[in-house]
Amino acid sequence: MISGIEMANGRDRYRWLEQQCPICEVSQLHRLGRRGGSAHRAGLGVECELWRCQRCSLIFPSPMPFPLGGLEQHYGVEADEYFEHHQLDDKNVSAIGLLRQAEELAGGKGKLLDIGAGRGELLRAARNAGWEVEGIEPSSRFTKVAASYSGAMIRSEPVERCGFPSGSFDCVVLGAVLEHLYNPDETIGEISRILRKGGVLFLDVPNENGLYFKIGNLYQKLRGRDWVVNTAPTFSPFHIFGFSPRSLRALLAKHGLEPRHWRGFAARCSRSCARHCSLTKRFRGACSSLRPCAALSIGMLTRKLIIRSGCGRF
Ligand SMILES: [Zn+2]
């Protein structure tokens with residue numbers, strides 16, 4: 001008899017398709033090793049083969065496992081569960097700081113789009129500060145909450161399907177979202193299109209070329225395993241693509257976005273990464289402050305780097 005967990009983790013819950021580097025669109029790949037299932041110390045998820053693009057260093061599984069049950073298969077989480085661990089004060093503080101920087105970089109306030117709006121804290125803070133705001137929240141369970149809390153229009157479809165006019169936003173925020181997407185190239189391309197010239201994009205991702213990953217992979221190698229600790233395509237926190245400064249820069253450059261400010265910072269589950277933690281929790285379902293996600297366990301073991309870049313469009 002197959003248990004519910006085994007069924008949820010089974011290979012037949014996914015459609016497996018060959019994957020090229022979405023940034024370089026070529027297949028010069030270096031095999032990193034296996035991740036998930038029998039290649040995970042706790043047996044989480046389904047086993048994947050992970051590869052690194054030789055040109056830009058982006059890490060991803062191939063074949064790529066696409067959840068047949070859609071995003072709900074990975075991110076089905078009740079709003080109450082999410083809000084139970086919600087640090088509203090921390091999020092408001094980080095939102096105000098980000099908005100100040102956005103205003104400085106964009107040369108004033110204007111129209112802001114928050115992709116992955118969560119409960120709508122950033123949108124609410126931005127609206128109170130005088131920005132015109134819109135949000136995108138893929139989880140239908142949070143869309144209503146975010147709209148009610150922020151008073152903003154919240155859409156639940158991907159940004160590529162929203163049909164925003166070109167150059168219609170002064171600031172786009174993509175916090176702890178990019179690594180969860182199946183087509184980051186398409187999303188950054190669309191953001192570049194809807195961002196006005198000189199507009200600002202804030203984004204942060206885990207640095208999968210960081211010390212934790214290097215040490216973790218070396219440890220597995222020394223144990224004679226071909227396991228790696230990068231990404232988490234089939235288990236929480238469902239990081240599909242693993243970025244580094246090099247691959248992120250390549251992706252941004254491809255779409256006419258130039259990094260202006262890079263901030264790599266070590267992060268425990270603290271104020272500095274409150275937004276990242278909260279968003280990751282929202283996506284995870286099973287995450288709690290006691291059992292941090294794989295990326296955050298980096299913080300527990302060594303320390304994690306998050307790349308945050310402000311970008312101006314040309
Ligand atoms: Zn590449």
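**Backbone details and a helix pair**

Ser57 has 20 C-beta neighbours inside 10 Å, and therefore this residue counts as buried. Please keep in mind that what you see is a predicted model. Ser57 lies in the loop between β3 (48-53) and β4, and its phi is positive, at about 80°, although Ser57 is not a glycine. To see why I stop here, recall that most residues other than glycine have a negative phi, and most peptide bonds are trans.

Ala176 has 26 C-beta neighbours inside 10 Å and so counts as buried.

Let me turn now to the peptide bonds. Ser62 and Pro63 are joined by a cis peptide bond, with omega at about 0°. Ser62 sits in the loop between β4 (59-61) and β5 (64-67), and Pro63 is likewise found in the loop between β4 and β5.

If we leave aside the neighbours within four places in sequence, Ser62 is in contact with Glu18, Gln19, Glu49 and Trp51. Ser62 also lies 7.1 Å from Leu17, C-alpha to C-alpha, although 45 residues separate Ser62 and Leu17 in sequence.

There is another cis peptide bond to look at, the one that runs from Ser236 to Pro237, where omega is near 10°. Pro237 is in the loop between α8 (211-222) and α9 (245-254).

Finally, the helices. Two packed helices are described by the angle between their axes and the distance between the axes. Here the pair is α5 (residues 121-128) and α6 (residues 140-150), whose axes come within 8 Å and cross at roughly 20°. Since angles under 35 degrees count as roughly parallel, that crossing makes α5 roughly parallel to α6. The crossing of α5 past α6 is right-handed.

Which residues of α5 and α6 make the contact? From α5 they are Leu123, Arg124 and Arg127, and from α6 they are Ala146, Tyr149 and Ser150.

Key:
Residues are numbered from 1 along each chain as its sequence is written. This is a predicted model: local features need pLDDT of at least 70, side-chain atom pairs count only at pLDDT 80 or more; totals for chains, interfaces and linings use all residues. Axes are lines fitted to C-alpha atoms, for helices over the stretch in contact, and angles run from 0 to 180 degrees between N-to-C directions. Helices (H or I, at least four residues) and strands (E, at least two) are DSSP runs, numbered from the N terminus. Angles under 35 degrees count as roughly parallel, over 145 as roughly antiparallel, 65 to 115 as roughly perpendicular and the rest as oblique. A crossing is left-handed if the near helix is turned anticlockwise from the far one by less than a right angle, and right-handed if clockwise. Two residues are in contact if their C-beta atoms, placed from the backbone, lie within 7 Å. A residue is buried if 20 or more other C-beta atoms lie within 10 Å of its own, exposed if 12 or fewer, and partly exposed in between; C-beta atoms are placed from the backbone.
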